[in-house]
Amino acid sequence: MKKKLMIVVALAVAFALVFAACGGGGSSDPAPAPAPSAPSDTPAPAPADSDEVYEVLVSMTHGEPVSPGWASAFNQLEERSGGRLDTTLFWSGSLLPIPEIPRGMASGAATFSNLPTPNYPDVWPLNCRILQLPFMGLQNPVESAAIYMQLLEEFPEMKAELADFNIIPVGATPLGMYAMHFRDGSEVRRPEDLRGKQMVPFNVVFLPLLEANGVGVNYIPPGEMFEALNNNIIDGYINSWAFQGWFGLTELMNSHVNFGEYGAYQEFNILAVNLEFYNSLPADLQQLWHDVMWNDGGYLEMWDDTATLYYGEMEKGTAKGDVIVDLTPEEIDVWRQALLPQHRVVLDEINAQRGDNVADAIYQRIQEILAENYGA
């Protein structure tokens with residue numbers, strides 16, 4: 001099947017909206033949660049029509065060279081539809097840059113886009129903020145995506161929040177755990193070891209912890225990180241090992257802090273389809289989206305891309321003699337206790353924004369799911 005690929009390698013976006021995609025590692029892959037169905041108030045699906053071809057415009061936020069699993073998933077979508085889904089992939093934000101994705105999906109400028117959840121905490125707080133809280137208790141990135149899919153089925157408010165932007169989620173793919181990376185060779189084990197550094201946190205929940213320990217916080221877009229680090233404007237950042245591979249930072253960094261599979265931060269991408277387009281499809285093609293992206297493990301192929309980069313960058317750091325600190329469980333708990341009060345702050349902000357207490361119910365349900373299924 002001939003694939004039309006449009007590649008743009010440059011990606012520069014504002015830090016106010018972009019907190020960057022990342023990666024991580026997980027030791028086990030839980031069984032996928034049930035695929036979501038269309039909201040009940042949407043029109044009935046169109047009848048099957050084996051002759052009609054539907055144009056699918058896919059807006060990718062990342063580049064093709066590090067995304068073979070993403071490309072494979074969309075190849076499957078086209079091939080398994082017998083060509084009825086005619087897919088064109090736009091890489092590296094060339095169709096919709098990250099800040100423009102909400103408006104672009106609402107208008108139908110893209111049929112599909114991955115929604116990197118850290119970028120939209122105020123646009124979709126239920127979907128993009130609660131499960132992303134540092135030290136929520138998640139054990140690995142794949143687990144976080146599975147729990148998100150379960151929450152979608154249990155909380156219609158989460159689907160409604162996305163439907164306001166003409167979006168229906170058909171899956172989620174994990175991007176992993178954050179770590180800390182530094183230009184110098186310092187060994188950081190405690191929050192107070194950060195004193196005097198200039199950092200880019202890439203997650204606003206870390207701000208109170210950083211400020212309380214004398215850290216200068218900077219807001220620098222991912223595309224400008226190399227220059228900022230190379231010119232000693234900043235000393236380090238909090239993000240994934242994969243992030244430094246995406247933006248060519250490996251050669252500049254000399255020390256790193258891993259929070260382990262407990263994870264300082266879990267994130268994932270929501271696999272989002274334009275709702276009007278989805279409702280125009282016959283039932284079998286609607287189901288195919290869920291099967292390829294979630295039920296048949298397409299999201300795991302996508303995860304493999306990030307995992308490969310994540311571990312590859314860690315190996316490069318080891319090979320060039322970087323200081324790599326793997327925090328002990330006791331050391332991790334110090335960071336966890338320092339950040340836990342921010343959970344309540346975030347929930348209160350969401351409640352005030354929405355005028356209800358749904359955020360509290362979702363937060364509590366996450367804890368129950370972890371206790372029931374993962375022994376957290």
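**Salt bridges, a mixed sheet and a loop proline**

Lys 197 is buried, its relative accessible area being 8%; here buried means under 20% relative accessible area, exposed means over 50%, and partly exposed lies in between (1.4 Å probe, protein chains only). The structure is a predicted model, in which local features need pLDDT of at least 70 and side-chain atom pairs count only at pLDDT 80 or more, while totals for chains, interfaces and linings use all residues. Residues are numbered from 1 along each chain as its sequence is written, and side-chain values use heavy atoms, with hydrogens and water left out.

The side chain of Lys 197 forms a salt bridge with that of Asp 184, at 3.0 Å from N to O. A salt bridge is defined as a side-chain nitrogen of Lys or Arg within 4 Å of a carboxyl oxygen of Asp or Glu. Lys 197 and Asp 184 are 13 residues apart, both in the loop between β6 (179-182) and β7 (198-200). Helices (H or I, at least four residues) and strands (E, at least two) are DSSP runs, numbered from the N terminus. Asp 184 is partly exposed, at 32% relative accessibility.

In the whole structure, 18 salt bridges are found. One of them joins Glu 313 to Lys 316, with 3.2 Å between the closest N and O atoms. Both residues belong to helix α11 (residues 298-319) and are three residues apart, about one turn of the helix. Glu 313 counts as buried because its relative accessibility is 3%, whereas Lys 316, at 47%, is partly exposed.

Another salt bridge connects the side chains of Glu 372 and Arg 365 (3.4 Å, N to O). Glu 372 is exposed, with a relative accessible area of 53%, and Arg 365 is buried, with 15%. Through shared partners, salt bridges join Glu 154, Arg 365, Glu 368 and Glu 372 into one network.

Six strands form an open sheet with mixed pairing, in the order β8-β7-β9-β6-β10-β12. The edge strands, β8 (216-217) and β12 (323-326), each pair on one side only. Two strands pair if DSSP finds at least two bridges between them. Between β10 (residues 255-258) and β12 the pairing is parallel, over four bridges. Asn 258 stands opposite Asp 326 in β12.

Pro 99 is located in the loop between β3 (85-90) and α2 (101-107). Its relative accessibility is 29%, so Pro 99 counts as partly exposed. Pro 99 and Asn 119 are 20 residues apart along the chain, and their C-alpha atoms are separated by 7.9 Å.
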